[in-house]
Amino acid sequence: MSGHSFTVIPVTTQVTFRQADERDLDLLAGMFDGVAHWMVRSGIDQWKPGARGPEHFRARIAEGEVWIASHEGRAVGAYELWWEDAEVWGPQPPVAGYVHRLMTDREAAPAGAGRVVLAHAEERIAASGRSLARLDCEARNPRLGSYYEGAGYTAVVPHLEKVGADGRVYAVRLMEKALA
């Protein structure tokens, strides 16, 4: 590169986090719908627009943790952190945190924001004294599985049938990552 210099600003310095509360219900439902619409447009048969409304996020805020990532004053991502997930993982000792609905705004989030959001979830889990981050992802979405593998997750159960809230039966991969 001749004569050009540039500074790379790590995306971690650009994203801030706060715990969601009741005032964020419409924001979270809207972000979910935005991701769901993107999935539909991209031919990914996974999330459905309208499948997770404000009541879903109200329950998740009451039962666990929901976090919102912001960039330049705008919400650009979010995730749910559960402390147990017996429905999918079965009864487990309290050694893991379970990441659900990792979302980024495809138009507003800076490049790499998804990994930053995931890393925040992992930091929250580690800070609680638990040593594993766990998640499940749709088995029919190999790009998503590869994304999580690239972030250090391994499939511990490559194929498990799950029944969605809409009654649809689908396969998921159970994945986990050991935290330092």
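Trainee: What covers the buried residues of α1?
Mentor: This is a predicted model, where local features need pLDDT of at least 70, side-chain atom pairs count only at pLDDT 80 or more, and totals for chains, interfaces and linings use all residues. Residues are numbered from 1 along each chain as its sequence is written, and side-chain values use heavy atoms, with hydrogens and water left out. Helices (H or I, at least four residues) and strands (E, at least two) are DSSP runs numbered from the N terminus, and contact means heavy atoms within 4.5 Å. The cover over the buried residues of α1 includes α2, β2, β3 and β4.

Trainee: Which residues of α1 are buried?
Mentor: Buried means under 20% relative accessible area, exposed over 50%, and partly exposed in between (1.4 Å probe, protein chains only). An α-helix has 3.6 residues a turn, so residues three or four places apart point the same way. In α1, the buried residues are Leu25, Leu28, Ala29, Met31, Phe32, Val35, Ala36, Trp38 and Met39.

Trainee: In what order do the strands of the open sheet lie?
Mentor: Strands of a sheet pair through backbone hydrogen bonds, either parallel or antiparallel. Here two strands pair if DSSP finds at least two bridges between them. The pairing in this open sheet of seven strands is mixed, and the order is β1-β2-β3-β4-β5-β7-β6.

Trainee: Why is one side of β1 and of β6 left without a neighbour in the sheet?
Mentor: β6 does pair with β7 (residues 169-178), in the antiparallel sense over seven bridges. Yet β1 (15-19) and β6 (154-163) stand at the edges, so one side of each lacks a neighbour in the sheet, because each has a single partner strand.

Trainee: How many residues of β4 are buried?
Mentor: β4 pairs with β3 in the antiparallel sense over five bridges, while three bridges join β4 to β5 in a parallel run. α4 lies across β1, β2, β3, β4, β5 and β7, at about 155 degrees to β4; axes are lines fitted to C-alpha atoms, for helices over the stretch in contact, and angles run from 0 to 180 degrees between N-to-C directions. β4 is mostly covered, and its buried residues number nine of nine.

Trainee: Is Glu138 buried or exposed, and which side chain does its own make a polar contact with?
Mentor: Glu138 is found in strand β5, and because its relative accessibility is 4%, Glu138 counts as buried. A polar contact is a pair of N or O atoms within 3.5 Å; within protein, one must be able to donate a hydrogen and the other to accept it, and residues adjacent in sequence count only if both atoms are side-chain atoms. At 2.9 Å, the partner of the Glu138 side chain is the side chain of Arg140.
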